[in-house]
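Have the 3D view open as you read.

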Amino acid sequence: MNHPSSSPHDSHPPTSEKSRDQYLMDQYNEIARLAGSLAHEIKTPLSVIRMNMELLAEDMQDPQTPQQRRAQQKVATVQEQCERLQGLLDDFLRFARIRDLNLLPGNLNDQIERVLNFVEPQANQQGIDIIRYLDPELPSINLDAELLYSALLNLVVNAIQAMPDGGSLMVQTREFRNGVLLRLVDTGCGMSDTTALRMFDPFYSTKEGGSGLGLPLAKKIIEAHHATIDVQSELGRGTQFTLEFPLPPRIGRKKNQPPIDAPSLPDGE
C-alpha cells in the first residue's frame, strides 16, 4: 500500500528557533507572492474600467439636461474612486515587494538632503522652518539609495502635513553608539496614543483618502536596512522620529568624539 508523501506545506512547523524563523519567512514570502499576484490581477480589469470611464466622460462633456448632468457627476465619482483604488494597489505592490535591498555604502546626509531640498518649497509656502544639524563627519552606512529616499520622504512629508499653519522641523544626524542616528522633530499637531500605536499598521490611516500604507512601507524599508525606528508624540506639541542605522562591521567609531545631545520635543509655552 502506497503512503502519500508529505510536502513542506503539510508538515508541522519546525521546533528549533532557526528552523521556525525560516518557516515563518517562507510562509510570509508565499503570502506576499500570492497577494502581489492578486493585486496584479485586479489592476488589469481596473485599467479597462478607467479607460472606458474616460471615454464615457468625453462623450458627456457638454450635458444638456439635468439627467445628463447627474450622469456626468456619477462618472466623475467613479473615476475618482478608480484613481484611489489605483493608488492603493500601487502602494500595496510596493509594500509586498520590499524583501531584498541593493545595499551599498552611502551617506545618510546625502539622502536626507535630497528629501529636504525636495520639500523645501512646500515648507516655505506653509511657513515651516527646516533646521539642520547634520554631522559633516558622519560615517558611511549600507543603504539602498532609492528605497531609503522613499522612506525618508514619507516621514518628512508627514511632518510637513502636520504643520499646515507653520512651525519648525529639526533634522539631526550623528554617530550614535555603534551606528548612525537620524532624528526628525516637528512642532505639528502631534498624535493621540491610539494613532501612535497603530500608525505603522497596514491600511490604518487618519487622513481622508489615505491608503494607510505609506508609513508601514517606510517602516518596512527602514527595518530592511537592519535599522530601527522609534516615535514619540504628544497632541498639541509635535512628533519625534528617531532612526538608528548600524555601521558596517569594519567601520568603527571615531575616536574622542564628544556626545551630542539633540533637542527633543519643544516645551510648551
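## Helix packing and the sheet

In this predicted model, helices α4 and α6 are oblique to each other, because their angle of about 135 degrees falls between the 115 that ends the roughly perpendicular range and the 145 above which a pair counts as roughly antiparallel. Their axes lie 9 Å apart, and the crossing of α4 past α6 is left-handed.

Which residues bring these two helices into contact? From α4 come L147, L148, A151, N154, L155 and N158, and they meet G214, L215, A218, I221 and I222 of α6. Sorted by class, this contact holds 8 nonpolar and 3 polar residues, with no charged ones.

Now turn to the strands. Five of them form an open sheet with mixed pairing, in the order β2-β4-β5-β7-β6. At its edges sit β2 and β6, each pairing on one side only. From one strand to the next, the twist averages 10 degrees.

Helix α3 lies across β2, β4, β5 and β7, and runs at about 165 degrees to β2.

| Element | Residues |
|---|---|
| Helix α3 | residues 108–125 |
| Helix α4 | residues 145–161 |
| Helix α6 | residues 214–224 |
| Strand β2 | residues 128–134 |
| Strand β5 | residues 179–186 |
| Strand β6 | residues 228–234 |
| Strand β7 | residues 238–246 |

Methods: Residues are numbered from 1 along each chain as its sequence is written. This is a predicted model: local features need pLDDT of at least 70, side-chain atom pairs count only at pLDDT 80 or more; totals for chains, interfaces and linings use all residues. Side-chain values use heavy atoms; hydrogens and water are left out. Axes are lines fitted to C-alpha atoms, for helices over the stretch in contact, and angles run from 0 to 180 degrees between N-to-C directions. Helices (H or I, at least four residues) and strands (E, at least two) are DSSP runs, numbered from the N terminus. Angles under 35 degrees count as roughly parallel, over 145 as roughly antiparallel, 65 to 115 as roughly perpendicular and the rest as oblique. A crossing is left-handed if the near helix is turned anticlockwise from the far one by less than a right angle, and right-handed if clockwise. Contact means heavy atoms within 4.5 Å. Ala, Val, Leu, Ile, Met, Phe, Trp, Tyr, Cys and Pro count as nonpolar, Asp, Glu, Lys and Arg as charged, and the others, Gly among them, as polar. Two strands pair if DSSP finds at least two bridges between them.
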